[in-house]
Amino acid sequence: MPKSLYIDPEVVRQPGKITFEDIPVNVYQKTVKDELGNFTKEQLINIYRDMLTLREFETMINLIKTTGEYNGVAYNHPGPAHLSMGQEAAAVGQAFHLDADDFIFGSHRGHSDILAKGLSAIEKLSDEELMDIMKNFLDGKTLAVVEKFEHETVKDLAIDFLLYGAMAEIFARETGFNRGLGGSMHTFFTPFGIYPNNAIVGGSGTIAMGAALYKRVNRKKGIVIANIGDGALGRGPVLEALNMAGMGQMNTLWEGDMKGGLPVLFNIVNNQYAMGGQTVGETMGYDAPARMGAGFNPNQMHAERVDGYNPLAVIEAYSRKKELLLKGEGPVLLDVLTYRYAGHSPSDASSYRTKEEMAAWEAVDPLNTYRAQLIEAGVATAEECDAIIAHVKEVNFRNFKWAIDDELSPRMNLNADPDAIADLMFSNGHVEAFTDAKPDVLMPMEENPRVQAIAKKERYGIDKNGKPVSKNKVYQVRDALFEAIIDRFYKDPTMVAYGEENRDWGGAFAVYRGLTEAIPYHRLFNSPISESAIVGSAVGYAMAGGRALVELMYCDFLGCAGDEVFNQMAKWQAMSADIIKMPVVLRVSVGSKYGAQHSQDWSALVAHIPGLKAAFPVTPYDAKGMLASALAGTDPVIFFESQRVYDYGEQFVKEGVPAEYYEIPFGKADIKRAGSDVTILTFGAVLYRALKAADELKEKYGMEAEVIDARSLVPFDYDTVLESVKKTGRLVIVTDACERGSFASEVARQITEMAFDELDAPPAVVASRNWITPAHELEESFFPQPSWILDAIDAKIVPLKGYTRVTNQLTGEKLRRERTGV
């Protein structure tokens, strides 16, 4: 909502029409003979060699999946195999002009893409660079296998390294590029600019866009390719990525060398089928994927269809498109027409297409047509082409034998080291800055108006008379979050923050207020209302080497970005064998007052997904320290904030919240009030209601409650809770989340198992009802109240003399509710 972009009704209400440019279709029609002056003989032959390499690699996988052997060597591979035989010319053509600074992100059908990019990188890197990469990758374990055997050149060694590393990964070997943890659909090798393939259809769309954002913001070389299928254009996250990659603000509001669309090319691998659905004429309405470009920005994303059965056509298109992207004229959409001979997977018999159609495409197979062109142009003889075929088969076969050899290529031994995967779930790093560049800022931090205003506030929320400091004078939770954020902006030049209404407005809850004056547009901006793209791009930004702080405004919106949070943000560190780091902090606010779709605590969903850290601080001191910790870490964090407490002052640290920088580690609960008779464990804003219940227990029943604020869910501090329970023998766990499936219920189960002998009674869970969240006026019947805590203690733990319960705690009522599903 920048004031500089004036919306003039006199202009926007004028009659007229929106015009479109023609979209080129298969314009390039040249052959090898036509291009003899533009390519060396070696380049033209290598194009053929590379296409053959891709075909033989996938032929090998297809044979072991369908026949159980390759060249007479038996092997059982139970894992997935999504093959792209027929698409080799498109992959090799794409890779020709790409170097190691250019990143590709792929799909589940990505073997050809990664091999083509790797072969291209090997040709462009020097022998010294290649040896350095291979020696330093996974401590040289992959190289150690292939260098046991003789090679004439370093590039020959590197080709074996590429083929072997990919095969070993597909076959779940520890010498694979990701120690066997990624597998067929997730194989990648970042030193060659090969970034993750993605098993989720279209999953790379948002991620590649985020990597391009990283390149732009941090002034890094190269472009980024999102290899996604034609069927992926039916997925919302892909459409969000196409839009966000060309946001208008990049040309109207971003300044200097930041101006211009992102250097990202959406390469639509148009094999004309999405699983068994034929995209044109059946499942999609676009007629041609290239048409989609016209819907996203005025330059139509420079959309074009190119003949992916002619590698030279793809090479020529990429030479032009890469130049556009490097000039800041992105994004680009390229519709690369191709065809896959195999089914979606080996179990797919292609019953949805005719034999005549398949035969027609096989009749123009690029491996045959390009070979004929080489011979016609005098570049190679038939005998020389046959020799290349024989050499490719030999190289592929020997790497296959190495990759299936249990001694050369062992699998991760989870019997000897049961925690091998567990140790990869979190990197637990601490990084002050991901580059040594000077952070782009607009003013010294001390001159920031909000920094100056906060400096005048009372950093402890209780005055000398024991009364709360007024709201306009007290240092609040939102101020604490602001201090942690602005501090990291001035330390880490790679950090960016974005989401809905982050700039100008200052965020929906005023956390970002004051940052607009301090941070330039390219580091703090308003995103589209595109939750998938917000989170997915943050994942890509982090993969590429930066730190991202993004916001979804409401916890309820996690559902809109479910895949990006639960499948992408959470998994890539471990799937990469800790090669990739994921320093992404996702802020979400837990609401109240706003009804069923804006007032839900979904912390249990996040805690359930391995690979995500989760924090839920509700005091200024904790909020500042924990966000500071998250923003210095290397792991993905979901940072829950309660809308109930943004304006709360500090009530527990009597010295007040330090103005200086400090961190609070995750996995450390905090005892907010000591006691000896009953333990009350809280998650989120229920802390303050639990304290009221503790007051009543003391005043009316002489019981001293120990109130523990969990502060973080993952990792969780069971030690502090167990120590308290050993002392009190009683435990009540309180959360604003619905009871069924809540994290509070999980903790109750664990404590019961771990402290059964110390408990006087089973732990009691006090949670919200299993309903929709009602209107504000009815919330007291939905969210836990202080009286509910006393009810639970009286009914389930220890009778409170003379107490009258407010809620029905009888087992019969519980059974009735469970029978009805509420």
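1. Lys327 sits in the loop between α11 (311-326) and β10 (332-337), where helices (H or I, at least four residues) and strands (E, at least two) are DSSP runs numbered from the N terminus. Lys327 is exposed, with a relative accessible area of 52%; here exposed means over 50%, buried under 20%, and partly exposed in between (1.4 Å probe, protein chains only). Its C-alpha atom is separated by 8.2 Å from that of Gly260, which is 67 residues apart from Lys327 along the chain.

2. On the basis of these remarks: this is a predicted model, in which local features need pLDDT of at least 70 and side-chain atom pairs count only at pLDDT 80 or more, while totals for chains, interfaces and linings use all residues. Residues are numbered from 1 along each chain as its sequence is written, and side-chain values use heavy atoms, with hydrogens and water left out.

3. A search of the whole structure finds 51 salt bridges, each being a side-chain nitrogen of Lys or Arg within 4 Å of a carboxyl oxygen of Asp or Glu. One of them joins the side chains of Lys624 and Glu483 at 2.8 Å, N to O. This pair links distant parts of the chain, with Lys624 in helix α21 (residues 620-630) and Glu483 in helix α16 (residues 477-491), 141 residues apart. Lys624 and Glu483 are buried.

4. Arg587 and Glu641 likewise meet through their side chains in a salt bridge (2.6 Å, N to O). That pair, too, links distant parts of the chain, since Arg587 belongs to strand β14 (residues 584-590) and Glu641 to strand β16 (residues 637-642), 54 residues apart. Both Arg587 and Glu641 are buried.

5. The salt bridge between Lys814 and Glu818, whose closest N and O atoms are 3.0 Å apart, lies within helix α26 (residues 811-820), the two residues being four apart, about one turn of the helix. Lys814 counts as partly exposed at 33% relative accessibility, and Glu818 is partly exposed with a relative accessible area of 39%.

6. Helix α18 (residues 562-569) has seven of its eight residues buried, so it is largely enclosed by the rest of the structure. Among the buried residues of α18 are Asp563, Glu564, Phe566 and Met569.

7. Gln785 lies in the loop between β22 (764-768) and α25 (786-797), and at 17% relative accessibility Gln785 counts as buried. A polar atom of the Gln785 side chain lies 3.0 Å from the backbone oxygen of Phe783.

Technical notes
A polar contact is a pair of N or O atoms within 3.5 Å; within protein, one must be able to donate a hydrogen and the other to accept it, and residues adjacent in sequence count only if both atoms are side-chain atoms.
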